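Open your viewer and get ready to click along.

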Amino acid sequence: MARARLLVTTAWAGSLWTVGMLVVPTLFRTLSDHVLVGTIAASLFDAQAWVGMACAVAMLALVGWGGDPARVRRTLLLIVLAMLACTVAFHFGLQPMMAQLRAAAGPAGVMESALRARFGLLHGVSMGIYLIQSLLAACLLFKQYAAELR
């Protein structure tokens, strides 16, 4: 069970880090059409959120069935639930609001509209949540690795 959990956590953390810290920033640096890049980024974050929710469900099952001490299980469950809460807040809360602003801005893009400040605020909050989730993923990996060594 511990190795299966480690595999799921690695997939979850890897998808978070790859999309949020490698692919999307590279797209913004490489492509000049930032409206298109924003659309692609939203699709990538959407896919990553579904991966995250699937990994959370798998982790909840694996942690629940694992034979770890109660303290270890509780710590892992709290981290997984916190990561899941970040995913849900990001995907079902912030992303739809940002999408509405992008749609309302029209073809020129939200950064060229009067909605820029509101979008910037939502983007900042979403980046903060994503960073917290990414750090929690590192904690989850370290906690599991420590549990594996016991």
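Which element gives the most to the lining of the largest cavity? It is α2, with three residues. Before you go and look, a word on the model: it is predicted, so local features need pLDDT of at least 70, side-chain atom pairs count only at pLDDT 80 or more, and totals for chains, interfaces and linings use all residues. Residues are numbered from 1 along each chain as its sequence is written, and side-chain values use heavy atoms, with hydrogens and water left out.

**Stop 1: the cavity.** Select F45, Q48, A49, T87, F90, Y130 and Q133, which line the largest cavity. The space inside is about 30 Å³. On a 1 Å grid over the protein atoms alone, a cavity is a set of points where a 1.4 Å probe fits but cannot get out, while a pocket is an open set with protein on both sides within 12 Å along at least five of seven lines; lining residues have an atom within 4 Å of a point. A volume is the space filled by probe spheres set on the points, which are joined across faces, edges and corners.

Stop 2: Now select F28, G38, A41, F119 and H123. Of the 29 residues lining the largest pocket, these are the closest to its centre. The pocket's volume is about 750 Å³, and α2 provides the largest share of its lining, seven residues.

**Stop 3: a helix with a kink.** Select residues 70-105, helix α3. Helices (H or I, at least four residues) and strands (E, at least two) are DSSP runs, numbered from the N terminus. Look at Q95, shortly before the proline P96, for a kink of about 35 degrees; the bend is the angle between axes fitted to the seven residues ending there and the seven starting there. After α3 comes G106, with a positive phi near 85 degrees.

**Stop 4: a serine in α4.** Pick S134, in helix α4 (residues 116-149). Is S134 buried or exposed? S134 is buried, at 3% relative accessibility (buried is under 20% relative accessible area, exposed over 50%, partly exposed in between, with a 1.4 Å probe and protein chains only). Beyond its neighbours within four places in sequence, S134 is in contact (heavy atoms within 4.5 Å) with L16, W17 and M21.

**Stop 5: the cysteines.** The whole structure has zero disulfides (a disulfide is a pair of cysteine sulfur atoms within 2.5 Å).

Methods: Expected span 1.5 Å × (residues − 1).
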